[in-house]
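Here's a quick briefing on charges, salt bridges and annotated stretches. Have the model open while you go through it.

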Amino acid sequence: MALPVAEWQARTARLWAALDPALRERLAAASLHDAVRLGCDLLRKEEEEAALLRLCHRACTDKEPEAASWYREQGNREFKRGQYQAALRLYSKAASHELPGSPEVSVCFANRSAALLHLGHFEVCLEDIARAESHGYPDRLLPKVLLRKAECLLCLERLQEAQDILRVLESKIALDGIMTTHLTRLKKLSQLKVKSGGKERCPEPAQETRGGIQGEPEIWEENSRISGASSSLSLSFDAERGRHLVACQDIVPGQSLVKEEAFVSVLCPGESLAVQDGDTAWDTRATNADLYCHCCLRQLLASVPCQGCSYAKYCSQDCADMAWQQYHRTECSMGALLLTLGVFCHVALRTVLLAGFAEVSRLVAQSHRGDKNLQNPEAKCKPLSDAGAGSRGIPGCGSNGQYQSSYQALFHLLPHTEQHSPEHKFLCTLSVVAICKQLQAAGLEAAVLNQESPQQWSKPKTCGKTSDELSPELKTVAEAMLRHVLQLQCNAQAITVMQELGPGDGAVVDKKPVRLATAFFPVLSLLNHSCCPNTSVSFSGTAATVRASQPISSGQEVLHCYGPHWCRMRVAERQKLLSQYFFECCCRACLEELESGVKSVVSIRNSFCCPKCQAQMQGEEDTLCCSNEACATSASRDHLSGRLQDLQQQIKNALDLLRVGKADQAIKMLLKCQMDAGTFLSPEHLLMGEMEDNLAQVYATLGKWQEAARHLKKSIEIVEKHHGPSSVETGHELFKLAQILFNGFAVSEALSTIQRAEGILSVHFGPQSAQIQELQEMKACLSELPRNILQRT
């Protein structure tokens, strides 16, 4: 959720409407500095602060031992049912709610270690056992944990350590009957391993989720003038396009152009975490906040909880310590307020915390001095090659003429202050003022201004005296934050991740891209938009990589798609979505559709067809007519749209049946949906492709690989027509087809599909991506089969 919750938006809208017209006019024309000053005066009403406090109670991020106990019980239930992955996440939720250092939190770690052992994550299991021991795990329960530790060590071939633990257990600790039996089994296993020289191995464990994908590093020469950019690019400026990147040599598809670490990133919480008023149970759903590290954005296996709040979770103690030092010591007690006011406000706060008050105040003061480049960053700029040092060059460049991924570059991104609606600026102003007032009331001002010593970082904050008037320093912070919130509308970059659909335990893994975090990338922000871009962006943790998705000639601008793509929506829809960026798109795709009046391929392929003769239905009004003059059938647009919605609901119901193991019923329902769709949808409609994909998924679940492949090939045909044969969408579909052919032992066809999928996905995600790695593993496995089998298949 980028903006504040709906209730706060509605409240500020009512407050805006009730203002004196003259004051509204002043606020609409106010500079950022004046807007903050006026906002401080307007947020003095106790009822407004009380209303915000009530909203924060719905997103509580405090430690709740009662919630911890409930989550632990739910985890125990899932563990007994053999649902170890679900148990793992519930134990992590429990640990995040327990008070640090308590015996209860040690039990959470110990229980989680049992789930990790069953899942085959032996190294991480040992880490959790160590956490349990360090948090005072009860002595009476220690034998069970030590047996688990010995079993992990045996599986990891650490025989001497395992034997030492087994001897201690045998000689000094009283065990019950079940544990004695387990100890005897482990001793025998240990002896077998010693006799065989450690060659007898336990069953192959599940792969650990840690570490990156191994592979050959890409050849890379960094630009001397633009940090994180390839030497094949140059930074240019003109009045129409502003700052932008241009190829200074011919670029081939798949070539890396930008590699940039986010200056700041904030995890998007995902679905609501809030317990609604009157609810007595806690939510067991896993959200982004449970699945990914709040610092580095890596996927979590066994999270390390923050010691002060229940919300922040990390992949390691190193990440937890780094986050605390850089920003979380300030954010920790404000989690509920930040969740209530949205990700944009959270990004703005974290940006100033990472930049440091000295740099923030320097640049804010510089903007007050009337620096024309800051008030109007595109004015009087020269190309970089002709620019002098500092502000005489392109905005954002340092005194040495370099454009770096720095706070200075971020500060110079356009906030479009005069183009935002007055109501939106008012909402943003009151929100950042509310944050700064909370910082002051909670005694966190010294931390924000970098005036704390490291010895004070871990001390609990005492509430300072609440004051209606912000200190001058916090007004400066609020002004910078307001600038950043306004910048984010045009410069926020969504960090996406390929997330598995469903439980992920099937033979064919279906994935879709989901928004994981919102970030500022100063260099990536230099790329202008096109609805038909020539680049593709992928992410690894908090790092972005831009690659050429097609050949780019020397002198051609390097372009990125901000979301609206010509393959996915009509020009009118694209222009409407792009209005938030305060420009009118004039890319090749938009101009062709607008100037020629030719109907977009999206309109044609995703059209309704005549229920009688299956010709395309056409018309811009409420009544659509058959394009076949001999037929002349007409139909209500609302009626056909209603049929489409009903069809989508039926497809959802079919997939729900699949999830509960009723595959045969799911097939019947999907086939019925196909027949119904054929009477009123174009054969090339994307939904027709989705149904083929869904049928392939169901048949793969049943192990009917040939049927699955047949349906998926039909899906690929439709996807190619919509997105193109070298699109990332086609690459994902080919990846699924490769999995199906691999599992169905169609060796020759699988190898050719793997090669094609590898060629497409390596362009978009690079040779080291997880999907490329998996394709290479499948190829290696098939290539090692005996020659006579390869010849027969």
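Asp622 comes out as exposed because its relative accessibility is 57%, and the cut-off for that label is over 50%. Keep in mind that this is a predicted model.

**Surface charge**

- Asp622 sits in the loop that runs between β13 (617-618) and β14 (623-626).
- Together with Glu620, Glu621 and Asp638, Asp622 makes up a negative surface patch.
- Asp638 from that patch also falls inside the 637-664 span that UniProt lists as a coiled-coil region.

- Searching the whole structure turns up 28 salt bridges.
- One of them joins Arg112 to Asp128, with 2.6 Å between the closest N and O atoms.
- That pair connects distant parts of the chain, 16 residues apart: Arg112 belongs to helix α7 (residues 103-119) and Asp128 to helix α8 (residues 122-134).
- Are Arg112 and Asp128 buried or exposed? Both of them are buried.
- Arg112 and Asp128 also belong to a salt-bridge network, along with Glu127 and Arg131.

**Salt bridges: the partly exposed pairs**

- Lys475 and Glu469 pair up through their side chains, at 2.4 Å from N to O.
- Lys475 has a relative accessible area of 24%, so it gets the partly exposed label.
- Glu469 is partly exposed too, because its relative accessible area is 33%.
- Lys721 bridges to Glu684, and here the closest N and O atoms are 3.3 Å apart.
- Since Lys721 is in helix α28 (residues 705-723) and Glu684 is in the loop between α26 (663-677) and α27 (686-701), the bridge ties together parts that are 37 residues apart in sequence.
- Lys721 counts as partly exposed because its relative accessibility is 40%.
- Glu684 is at 25% relative accessibility, so it also counts as partly exposed.

**Annotated spans**

**A buried histidine**

- Where is His529 found? His529 is part of strand β9 (residues 528-529).
- His529 counts as buried because its relative accessibility is 9%, and the buried label applies under 20%.
- The C-alpha atom of His529 is 5.1 Å from that of Cys561, although the two residues are 32 residues apart along the chain.

Key. Residues numbered from 1 in each chain as written. Predicted model: local features only at pLDDT ≥ 70, side-chain atom pairs only at ≥ 80, totals over all residues. Heavy atoms only, no water. Patch = residues over 30% accessible without salt bridge, like charges linked within 9 Å, V, L, I, M, F, W, Y side chains within 5 Å. Areas by Shrake-Rupley, 256 points an atom, 1.4 Å probe, with all protein chains shown as cover. Salt bridge = Lys/Arg side-chain N within 4 Å of Asp/Glu carboxyl O. Lys, Arg positive; Asp, Glu negative; His and termini not counted. Charge placed at Lys NZ, Arg CZ, Asp CG, Glu CD. Helix = DSSP H or I, 4+ residues; strand = E, 2+ residues; numbered from the N terminus. Buried < 20%, exposed > 50% of the residue type's maximum accessible area, 1.4 Å probe, protein only. UniProt positions renumbered as here; feature names shortened; annotations may be inferred.
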